[in-house]
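Work through the exercises below with the sequence and the structure side by side, and try each task before reading its solution.

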Amino acid sequence: MPIPPTLTPEERSRALTKATAARRSRAELKSKVKSSSISISDVLKTAEMDPAIGKMRVSELLESLPGVGKIRAQSIMERLMISSSRRIQGLGKRQRRELLAEFPSSVEVPASQRGRLIVLSGPGGVGKSTVAARLREVSDFWVSVSATTRAPRATEKEGVDYYFLSNDEFDQAIASNQFLEWAEFAGARYGTPREGVEKALARGQNVLLEIEIEGARQVKAHSKEAILVFLEPPSWEHLVARLEGRGSDSPERRVRRLELAQYELALSKEFDVAIVNDQVERVVEALVALAS
Ligand code: 5GP
């Protein structure tokens with residue numbers, strides 16, 4: 001065993017004060033974890049900045065979670081291959097990822113304060129994505145970013161407009177139940193990643209999904225609380241002009257989209273609310289009003 005350093009009385013007193021402060025901040029954190037007012041994800045972030053928390057044992061953290069005693073904490077750690085003496089700051093990337101997946105954000109508001117789930121749908125080309133982008137700018141809605149197998153358009157960015165997946169990746173996401181809904185549209189597949197939506201609703205944030213009609217139906221089938229909004233073009237001619245003007249699509253894809261649009265317009269009856277897209281600002285106001 002290494003010989004402890006000889007400390008002067010002042011050094012010893014400083015060390016004691018430091019140790020007391022560290023103990024106090026760990027106790028405070030544990031009581032927040034116990035009352036679910038802080039999530040595991042927040043603890044991991046705090047640990048990066050606060051060495052007193054970084055040095056806390058993972059077992060201590062898990063045991064302070066509501067409903068997780070010594071035995072369950074131990075079995076989780078064994079399953080995630082985290083050694084019993086591991087400290088938070090020593091967790092590897094995989095271990096952090098798996099711990100977060102094991103305890104999805106536990107900071108949840110009461111059911112009555114959950115966010116509203118608004119599904120904006122309507123025929124392709126009606127201007128849904130412009131409305132969604134504006135809503136994201138002017139409100140505190142959480143606007144979901146979908147995954148798709150179609151190729152990115154020139155101006156589109158990964159993670160901002162879509163998550164662009166290969167067919168295999170999309171298949172895997174379906175198989176592991178990662179989508180709240182998914183559908184095929186004009187030769188490509190589109191899906192809403194489930195996790196972000198559920199977390200946003202649970203922390204009380206309103207959520208907007210901007211998706212095609214088949215997906216909207218699926219959402220309503222699972223979640224009666226969802227409000228389905230059908231965005232209508234001011235006229236059929238208006239919609240045709242928009243689809244014709246979309247230079248980024250091939251002629252075959254445009255024809256296919258027009259056929260689909262005709263079919264889709266006939267489905268507006270299934271929706272809770274219809275809004276005519278004559279002015280983006282007006283539509284955005286109507287959506288904000290619907291959620292309040
Ligand atoms: P685009 O290829 O023009 O970006 O989108 C084509 C259609 O797919 C649009 O009607 C759009 O609303 C819809 N869409 C986008 N994301 C999703 C999604 O996650 N799920 C479903 N079902 N449709 C989506």
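**Exercise 1.** Which residue in β9 is the bridge partner of valine 229?

Solution. The model is a predicted one, and in it the bridge partner of valine 229 is valine 273, which belongs to β9. Stepping back to the strands themselves, β8 and β9 (residues 273-276) pair in the parallel sense over four bridges. Turning next to β1, this strand and β8 also pair in the parallel sense over four bridges, and here valine 119 stands opposite leucine 228 of β8. The last step concerns burial, where a residue counts as buried if its relative accessible area is under 20%. Five of the six residues of β8 (residues 227-232) are buried, so this strand is largely enclosed by the rest of the structure.

**Exercise 2.** Find the buried residues of helix α9 (residues 194-202), and name the strands against which they pack.

Solution. The buried residues of α9 are Val197, Ala200, Leu201 and Ala202. The buried residues of this helix pack against β1, β2, β5, β6 and β7. After the helix comes glycine 204, whose phi is positive, near 95°.

**Exercise 3.** Describe how the protein surrounds the ligand.

Solution. Begin with the 18 residues around the ligand, of which the closest are Ser146, Arg150, Tyr162, Tyr190 and Glu210. By class, the shell divides into five nonpolar, four polar and nine charged residues. Finally, the protein covers 95% of the 510 Å² of accessible area that the ligand has on its own.

Terms used
Residues are numbered from 1 along each chain as its sequence is written. This is a predicted model: local features need pLDDT of at least 70, side-chain atom pairs count only at pLDDT 80 or more; totals for chains, interfaces and linings use all residues. Side-chain values use heavy atoms; hydrogens and water are left out. Buried means under 20% relative accessible area, exposed over 50%, partly exposed in between (1.4 Å probe, protein chains only). Helices (H or I, at least four residues) and strands (E, at least two) are DSSP runs, numbered from the N terminus. Contact means heavy atoms within 4.5 Å. Two strands pair if DSSP finds at least two bridges between them. A residue is near a molecule or strand if one of its heavy atoms lies within 4 Å of it. Accessible areas come from the Shrake-Rupley method with a 1.4 Å probe; for residues, only the protein chains shown count as cover. Ala, Val, Leu, Ile, Met, Phe, Trp, Tyr, Cys and Pro count as nonpolar, Asp, Glu, Lys and Arg as charged, and the others, Gly among them, as polar.
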